[in-house]
Amino acid sequence: MLNDAANPATPRTRFSQKRVFAWTLTFAGAIVMLLPLAIVAGISFYESGSTFDLSGNLTLSNYARAWSQGRLGLAFLNSAFVAIAVTLIQALTSAMAAYALARLRFRGRRGILLLFLATLAIPLQLLVVPVFMVLKWGGAIDTYGALILPTAVNGFGIFLLRQHFSTIPIELEEAAMLDGADRWQVLWRVILPLSKPALVALCLFSFVGEWNDVIKPLVFTTRPELQTVQLALANFQEQFTNDWPLLMAGVTISTIPIAVLFIAAQRQFVRGLATTGTKM
């Protein structure tokens, strides 16, 4: 006891110092990440045309104006419908493809996986013209299909679930098959219930990506009734001038659903990323 008290470099002291350093670093990172959001929210309370000085008048009218002027109610419904539809379809297609790549043994399996990974290096902006031609040929332009189908399959989702499925003991599947289950039943009754954290992580990535997408609604639709949140925010920007408080109010409103969703699912999200293996 006396020796530990006299020696400042005891293991407990070193552990405490590391913990303080880790918390300090985390707090500093949180400030860096949240500062832009705080600035956006702060500007949204200023009157239009103000110089953003601290002595200016603050108001909540920008939120009402943004909601009505940008037709954010309809835009929220469109974005929610598209994001939920894409998320569900991606979860289904990713789960089936990932299970086949993780458990089935067939020639070219590794090559197909690498092909899916290669698609991650190709941004949607490079595929706008061919995708537009395919949608036009199929009569899907100016429909919800134009907002859903181009991202119905996602290489990242397939890779993420494939890595997680590889960490599940195969003995569980063998036991289910001994009880008479086929591959489809094994996937739905054994693999997916054990993969909830990875599925939550995939769904969060998919939903946020679709909620923030502006390329598809901008290029593949022209009907005002199909306008999404991000396109509505883009319409707030004028050619030579911008009403920044109004725009920042719209941005703040559009951020609320994502923040609520992440707070509700953050524990499963972190577990999903932590338990995903890296085995190829």
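1. Quick term first: a helix here is a DSSP run of type H or I with at least four residues, and the helices are numbered from the N terminus. With that in hand, note that you're looking at a predicted model. Reading from the N terminus, the elements of the protein go α-α-α-α-α-α-α-α-α-α-α-α-α-α. That's 14 helices and zero strands.

2. On to how the chain packs. The protein has 280 residues, and 35% of them count as buried. Take the contacts with a separation of 6 or more: 75% of these in the protein come from residues 24 or more positions apart.

3. Rolling a probe the size of a water molecule over the atoms shows where empty space is left. For the largest pocket, the volume works out at about 680 Å³. Its lining takes in 21 residues, and the closest to the pocket's centre are Thr119, Ile122, Thr151, Val153 and Asn154.

4. Which helix gives the largest share of the lining of the largest pocket? That would be α11, with five residues. If you want to find this helix in the structure, α11 covers 196-211. α8, at 155-165, also supplies at least two residues of the lining.

Note on methods. Residues are numbered from 1 along each chain as its sequence is written. This is a predicted model: local features need pLDDT of at least 70, side-chain atom pairs count only at pLDDT 80 or more; totals for chains, interfaces and linings use all residues. Side-chain values use heavy atoms; hydrogens and water are left out. Buried means under 20% relative accessible area, exposed over 50%, partly exposed in between (1.4 Å probe, protein chains only). Contact means heavy atoms within 4.5 Å. On a 1 Å grid over the protein atoms alone, a cavity is a set of points where a 1.4 Å probe fits but cannot get out, and a pocket is an open set with protein on both sides within 12 Å along at least five of seven lines; lining residues have an atom within 4 Å of a point. Grid points are joined across faces, edges and corners, and a volume is the space filled by probe spheres set on the points.
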